[in-house]
Amino acid sequence: MKWEGNRESDNVEDRRDDGDSGGGGFGFGGGRSIGLGTIAIALVASYFFGISPTTVLSLLSGGPVSQPQSQQAPRPNRTGPAEDRQTKFVRTVLGDTEDVWTQIFRANGKTYPPPTLVLFSNATQTACGTGQTASGPFYCPGDRKVYIDLSFYQLMQKRFHVSGEFAQAYVIAHEVGHHVQNLMGIMDKVNSAERQMSKAQANAMSVRLELQADCLAGVWAFHANQARSILEQGDVEGALNAATAIGDDALQKQAQGYVVPDSFTHGTSAQRVRWFKQGVSTGEVKSCNTFEVKTL
């Protein structure tokens, strides 16, 4: 992936030196009891590219999506992000998503307010609860921030044998895709609909939300490559390998040896590949309407 020398985003908040241990894990409302088995499945399901593990846990337990909770205010960014290569990469990819989505929104007569990307280590407070490294990167609609512990990229390679900078960029682009869904009001509509659904129906709705974020990541890649020629040979294949590795079926098979389709919250490997390819081949947001198609 060709990214060095491109614009870096200023919308990065570095909390890695804050020493935030997070404490206590995620908070759950309504007094619902959630067993360790459910938590384990939720962590597997949200390990790659989820919104928030709080959302996944709520869906798995059959309840509505929790609304953002009042949390202790995050510590301010005192020193600015470190200038190591990986941080510069993250800032550059985020800047590229800003450029692409600003242009797309402007073409439709709208303004794109970019998300903030938070770098943290171990755990950090968010408007959606306590974000933890073990849960993987996630987007919190309550504060419009993307959260990522950069050690996650090492896990991508060691645990799932996924490498390559474009595959890493896909992680960020997927979470930014959730931000786009939030700005378009899609998340609110999905959350409202899920409150009236059974657990299986809510899970199916979550799958459509996640697959649309995969497609939106592809839309970003299409436009970024047209404008800045970022793609090199093998890059798209690397992202497709990532999509294959983190399908619900692949994750469940690895974790427990069998799959439970009704518990899927992110889509199968084949579905994730299909929808990313849909976005990266068309470059059109309208091609990402996973909520209208009968077959995903």
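**Around Tyr 153**

Author: The model is predicted. Apart from its neighbours within four places in sequence, Tyr 153 is in contact with Gln 86, Val 90, Ile 148, Gln 168, Val 171 and Ile 172. Tyr 153 is also among the residues with the most contacts inside the largest nonpolar core, together with Met 1, Trp 101, Phe 166 and Trp 220. That core has 51 residues. The elements that give two or more residues to it are the helices H3 (85-107), H4 (152-160), H5 (165-183), H7, H8 (235-245) and H10 (269-282), along with the strands E2 and E6. In soluble globular proteins, nonpolar side chains tend to be buried together. There is also a second, separate core of seven residues, which includes Phe 120, Cys 128, Phe 138 and Tyr 147.

Now to the strands. E2 (residues 116-119) and E6 (residues 145-148) pair in the parallel sense over four bridges. Within this pairing, Val 118 has Tyr 147 of E6 as its bridge partner. E2 and E6 belong to an open sheet of four strands, ordered E1-E2-E6-E5, with mixed pairing. Strand E1 (12-14) and strand E5 (138-140) are at the edges and have a single partner strand each, so one side of each lacks a neighbour in the sheet. From one strand to the next, the twist averages 25 degrees.

Two further strands, E3 and E4 (residues 129-132), pair in the antiparallel sense over four bridges. A hairpin of two residues joins E3 to E4, and Thr 124 stands opposite Gly 131 in E4. Strand E3 (residues 123-126) is covered on both faces: Ala 123 and Gln 125 are buried on one side, and Thr 124 and Thr 126 are buried on the other.

Ser 229 follows H7 and has a positive phi, near 50 degrees. H7 packs with helix H6 (residues 186-194) at an angle of about 170 degrees, and their axes are 10 Å apart. Because of that angle, H6 is roughly antiparallel to H7. The residues that meet are Ile 186, Val 190, Ala 193 and Glu 194 in H6 and Ala 202, Met 205, Ser 206, Leu 209 and Gln 212 in H7.

Note on methods. Residues numbered from 1 in each chain as written. Predicted model: local features only at pLDDT ≥ 70, side-chain atom pairs only at ≥ 80, totals over all residues. Heavy atoms only, no water. Pairing = 2+ DSSP bridges. Axes fitted to C-alpha atoms, helices over the stretch in contact; angles between N-to-C directions. Core = buried A, V, L, I, M, F, W, Y, C linked by side-chain atoms within 4.5 Å. Buried < 20%, exposed > 50% of the residue type's maximum accessible area, 1.4 Å probe, protein only. Contact = heavy atoms within 4.5 Å. Parallel < 35°, antiparallel > 145°, perpendicular 65-115°, else oblique.
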